[in-house]
Amino acid sequence: MQLDIKDLHVEAEDKEIIRGINLSIKQGEFHVIMGPNGSGKTTLCKTIMGYPKLKVKSGDIRVDGSSILKLPTDKRAKLGIFLEFQNPIEVEGLGFVNFLNTAKAAMSDTPVQFKEFMEDIKNSVKELHMKEDIVGRSLNYGLSGGEKKKTEILQMQVLKPKLVILDEPDSGLDVDAVKVVANAITEFQKKTNAGIILITHYSRILNYMNPQFVHVLHEGKIEKEGGRELVEDIEKKGYRLSE
Ligand SMILES: Nc1ncnc2c1ncn2[C@@H]1O[C@H](COP(=O)(O)OP(=O)(O)OP(=O)(O)O)[C@@H](O)[C@H]1O
Ligand SMILES: [Mg+2]
């Protein structure tokens with residue numbers, strides 16, 4: 001799958017937040033987006049997924065050449081786009097396995113093999129060093145911040161999307177968990193050749209990963225682009241790169 005974002009302008013409550021972004025992610029590529037708080041990173045992710053409160057004023061988002069702007073979120077998910085939320089929400093009463101099985105069924109053209117599906121979950125729980133009882137609970141209900149972020153990675157592993165958007169997968173993770181999650185994402189990409197967009201504020205998670213492209217967002221625009229050397233620059237100097 002190839003995603004192309006073309007001169008995208010997006011508004012929330014009549015305020016322009018994304019102000020002309022161009023970005024292409026090809027199958028198997030690994031892109032990192034950094035940028036100060038409030039620069040529009042999460043807004044960009046939500047726009048790609050079709051969050052209804054965001055209005056695309058101009059520009060386009062294309063998957064394999066076709067615009068997806070008119071598609072509702074579930075259709076975009078079915079194309080193979082997955083978003084890990086920066087702040088996953090808790091849904092009491094919605095069983096985690098039930099939720100994930102329903103999502104998997106909605107995205108598959110053939111019936112989900114339940115045994116295989118449960119096996120996938122079990123393997124992910126082990127790989128992510130999670131507590132097994134998480135599986136029997138309501139979606140994210142009562143989980144710690146780090147556990148919630150891992151649950152999102154587990155969803156990615158089970159749903160097997162073609163384009164993965166990870167909105168700060170390292171936020172709230174302890175030092176060991178950052179490594180575990182980084183390795184899980186790398187493994188996933190190796191196995192599936194998915195495209196990845198990873199948003200982060202810190203270089204730590206990237207010490208275990210190999211991003212090819214780094215984009216720095218500032219006030220709704222891409223201000224700077226390069227390779228991973230940009231990450232080290234930002235770590236040293238902050239975002240005032242030109243000074
Ligand atoms: N629905 C909305 N209504 C009004 N303003 C919004 C809405 N959504 C986002 N914004 C504003 O858009 C700006 C960008 O927000 P966004 O969440 O995309 O930032 P971010 O780059 O992800 O920041 P962070 O690093 O803190 O996660 C912020 O100033 C935010 O207040
Ligand atoms: Mg954000």
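The questions and answers that follow concern a predicted model.

Q: What makes a residue count as touching Ile21, and which residues do so?
A: Contact means heavy atoms within 4.5 Å. Leaving out residues up to four places away in sequence, Ile21 touches Ile5, Lys6, Asp7, Leu8, Leu44, Leu217, Gly220, Lys221 and Ile222. As for Ile199, 178 residues from Ile21 along the chain, the two C-alpha atoms are separated by 16 Å.

Q: What makes the phi of Asp64 worth a remark?
A: Most residues other than glycine have a negative phi. Asp64 is not a glycine, yet its phi is positive, near 50°. Asp64 sits in the loop between strand S4 (54–63) and strand S5 (66–67). With a relative accessible area of 54%, against a cut-off of over 50%, Asp64 is therefore exposed.

Q: What is the phi of His129, and where does the residue lie?
A: His129 has a positive phi of about 55° although it is not a glycine. His129 is in the loop between H4 and strand S8 (138–139). The relative accessible area of His129 is 57%, so the label is exposed.

Q: How do you know which atoms make polar contacts with ligand 1?
A: A polar contact is a pair of N or O atoms within 3.5 Å. An oxygen atom of ligand 1 is 2.6 Å from an N or O atom in the side chain of Thr43. For the side chain of His201, the corresponding separation from a ligand oxygen is 2.8 Å. A polar backbone atom of Gly40 is 3.0 Å from an oxygen atom of ligand 1. These separations are within the cut-off, so they count as polar contacts.

Q: How much of ligand 1 does the protein bury?
A: Taken alone, ligand 1 exposes 640 Å², and the protein buries 68% of that.

Q: What makes up the shell around ligand 1?
A: The shell has 15 residues, and the closest are Gly38, Lys41, Thr42, Thr43 and His201. Strand S2 (15–25) and helix H1 (41–49) are the elements that give two or more residues to the shell. H1 gives the most, with 3 residues. By class, the shell has 3 nonpolar, 8 polar and 4 charged residues.

Q: How do you know whether the radius of gyration of the chain agrees with a compact globule?
A: For 243 residues, a compact globule would have a radius of gyration near 18 Å. The chain has 18 Å, so the value agrees. Along the principal axes, the C-alpha atoms fill a box of roughly 55 × 40 × 30 Å.

Q: What do the totals for the chain show?
A: The chain has 7 helices and 12 strands. Buried residues make up 47% of the 243 residues. Of the contacts between residues at least 6 apart in sequence, 68% join residues at least 24 apart. The chain exposes about 12400 Å², of which carbon and sulfur atoms supply 48%.

Key. Residues numbered from 1 in each chain as written. Chains lettered and ligands numbered in written order. Predicted model: local features only at pLDDT ≥ 70, side-chain atom pairs only at ≥ 80, totals over all residues. Heavy atoms only, no water. Near = heavy atom within 4 Å. Polar contact = N/O pair within 3.5 Å; in protein donor to acceptor, adjacent residues only side chain to side chain. Areas by Shrake-Rupley, 256 points an atom, 1.4 Å probe, with all protein chains shown as cover. Helix = DSSP H or I, 4+ residues; strand = E, 2+ residues; numbered from the N terminus. Nonpolar A, V, L, I, M, F, W, Y, C, P; charged D, E, K, R; others polar. Rg over C-alpha atoms; globule rule 2.2 N^0.38 Å. Buried < 20%, exposed > 50% of the residue type's maximum accessible area, 1.4 Å probe, protein only.
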